[in-house]
Amino acid sequence: MVEAFVLIRVGSGEALNFMKTVKEEVCRIKGVKEIFGVFGRYDFVIRVETKTLEELGNLVTDKIRGIQGVLTTETLVIGF
């Protein structure tokens, strides 16, 4: 099992609408276990679980980055 935190920055255009939409879309993704809206450089911190690193990569690049309003992500794989 691979666990990671994914940090997400959301676009500033219509910020509140983007925040709500992005949160709803992220919550629908299989493997997402928790999502937190945060203040600071990032807008969301999510905890994900996948079976392999390849699945984690696909989840981040295909699913999360594919959501309209997501500007950038940073993935922190839990090592211990």
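Me: How far from buried Asp-43 is the nearest side chain of opposite charge?
Reply: This is a predicted model: local features need pLDDT of at least 70, side-chain atom pairs count only at pLDDT 80 or more, and totals for chains, interfaces and linings use all residues. Residues are numbered from 1 along each chain as its sequence is written, and side-chain values use heavy atoms, without hydrogens and water. Asp-43 is buried (under 20% relative accessible area; exposed is over 50%, partly exposed in between; 1.4 Å probe, protein chains only) yet has no salt bridge (a side-chain nitrogen of Lys or Arg within 4 Å of a carboxyl oxygen of Asp or Glu). The nearest side chain of opposite charge (Lys and Arg count as positive, Asp and Glu as negative; His and chain ends are not counted) is Arg-9, at 5.5 Å.

Me: Is Val-45 buried or exposed?
Reply: Val-45 is found in strand 3, residues 44-50 (strands are DSSP E runs of at least two residues, helices H or I runs of at least four, numbered from the N terminus). Beyond its neighbours within four places in sequence, Val-45 is in contact with residues including Phe-5, Leu-7 and Phe-36 (heavy atoms within 4.5 Å). Because its relative accessible area is 18%, Val-45 is buried.

Me: How far apart in space are Val-45 and Glu-74?
Reply: In sequence, 29 residues separate Val-45 and Glu-74. In space, their C-alpha to C-alpha distance is 9.6 Å.

Me: Is Lys-30 buried or exposed?
Reply: Lys-30 is found in the loop between helix 1 (15-27) and strand 2 (32-37). Because its relative accessibility is 78%, Lys-30 counts as exposed.
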